[in-house]
Structures are given as structure tokens and as C-alpha cells.
Amino acid sequence: MITKIRGSATVLLFLAPCAYLVWAGLTARLGANPVEKVIHITGDWALNFLILAIASRTLLNLSYLRWIALYHKASGRAAFLYATLHVLTYAAAEHNFSVSEILVDAATHTRIIFGTLAYASITAAVVMMGPVIIKRISYERLRGLHKAAVYTAATTSAIHYVWLVKKDIRTPLIYGAVIAVLAAHRVITKITEGKRPA
């Protein structure tokens, strides 16, 4: 019963930014450029939930609180959801889903290159957790590939953010610092585990 309540509360919590966007859109509270606002908000929450997924995994490894796994999985899925909304809004509003126009934009703007890498990485991370892939690849190898994809997505997302804002880069630098700390902890933990006697 408690698990179901936690699960429902988690879904509602992670869908809150999306609900806000719908409410803000219906009540004309998205400002003078609503499309740009939607692109920025969905991008911000994609990165927020991606970092939360990494942080919750770290916390799960450090504690015996197994219920944290629920938030780890949900935050990863939420990150992919908002990243997809971010990409779809950009592709529809700015290029009308024209692949050729998007490719030209990517070739001339560094932020689009890193944004594309970020979305490709988070998509790969999600696909790796699919039942078909899990059946074909060993769990240990798959886990390593999944973590690499997640950290690549987080890193390229932060770089994408830096190139987007250009002038005031304090916020993306904070994101980058958090990602760096989590990555450093992962590396140190891996090295420490490797030095433990069998």
C-alpha cells in the first residue's frame, strides 16, 4: 500500500512541471515568447531530473533505503520525457520538423550539436533498459554502458546550456559542478572497490 502511494505521489510530482506548462499556456502566462519559454522550461527540467536520477543512484549505493530506487527509475524516465518535449517543441516551432533545416542549424550552432548528443545519449540510456536489450546483453556490461550514456547525456546537456546562455553562465556552471561531483564520487568509489581484498 505504501509503495503504491509513493509511486502515485512520485508520478504526480514529476508531472508537475508539465501540468504547470499546460496551465500557463491556457492562462497566457508564458510571456511574450511562449514557445521559447516552453523550450527553456522543458530543457531545464530534463536536466534537473537527469541529475536527480544520478544523485538518487549515488544515494542508493550509499544507503540501505531501497525505496530510493523508485525515485531513481522515475526521475530517469521523467528526464527522457522532458528532453523529448524539449526536442519536439524546438523541432516543431523553429523548423516545422524539417530534417534538412535542423541539420543546417546543427552545423552552424554549437549548442545544437551538444543538444543532439545529449538527447541521443539519454535515448540510448532508455533503450538499454528495454527488455529486448536486457535479454541480449549481460547485466554487468549493460550497466556500464547505461551509466556511460547517462553521464554523457548530463555532461553534454550542461555544455549545451552554457552555449545557449553564453553571457550569464552561472546556472549551467552550477549544473556542471554538481555533475562533476557526482562523477568524481562514482570514479572514487569504483577505484576503492577495485582495491578491496577479495
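Helices here are DSSP runs of H or I with at least four residues, numbered from the N terminus.

**Figure 1. Overall fold of the predicted model.** The structure shown is a predicted model. From the N terminus on, the order of elements in the protein chain is α-α-α-α-α-α-α-α. That is eight helices, with zero strands. Taking the contacts between residues at least 6 apart in sequence, 65% join residues at least 24 apart.

**Figure 2. Surface and burial of the protein chain.** The protein chain has 198 residues, and 32% of them are buried.

**Figure 3. Close-up of the second largest pocket.** The volume of this pocket is about 710 Å³. The lining consists of 31 residues, and those closest to the pocket centre are Ile 39, Gly 43, His 86, Gly 115 and His 160. Four helices each supply at least two lining residues: helix 2 (34–62), helix 3 (68–95), helix 5 (110–128) and helix 7 (139–165).

**Figure 4. Helix 2 at the second largest pocket.** Helix 2 spans residues 34–62. Nine residues of the pocket lining come from helix 2, the largest share. Ile 39 and Gly 43 are among the residues closest to the pocket centre.

Figure 5. Leu 15 lies in helix 1, which covers residues 2–26. The relative accessible area of Leu 15 is 39%, so this residue counts as partly exposed. Patch members need over 30% relative accessible area, and Leu 15 is above that cut-off because its value is 39%.

**Figure 6. The salt bridge between Asp 168 and Arg 170.** How many salt bridges are counted in the model? The count comes to one. The partners are Asp 168 and Arg 170, whose closest N and O atoms are 2.8 Å apart. This pair meets the salt-bridge criterion because the nitrogen and the carboxyl oxygen lie within 4 Å. Asp 168 is partly exposed, with a relative accessible area of 41%. Arg 170 has a relative accessible area of 60% and is therefore classed as exposed, the cut-off for that class being over 50%.

Technical notes:
Residues are numbered from 1 along each chain as its sequence is written. This is a predicted model: local features need pLDDT of at least 70, side-chain atom pairs count only at pLDDT 80 or more; totals for chains, interfaces and linings use all residues. Side-chain values use heavy atoms; hydrogens and water are left out. A salt bridge is a side-chain nitrogen of Lys or Arg within 4 Å of a carboxyl oxygen of Asp or Glu. Buried means under 20% relative accessible area, exposed over 50%, partly exposed in between (1.4 Å probe, protein chains only). Contact means heavy atoms within 4.5 Å. On a 1 Å grid over the protein atoms alone, a cavity is a set of points where a 1.4 Å probe fits but cannot get out, and a pocket is an open set with protein on both sides within 12 Å along at least five of seven lines; lining residues have an atom within 4 Å of a point. Grid points are joined across faces, edges and corners, and a volume is the space filled by probe spheres set on the points.
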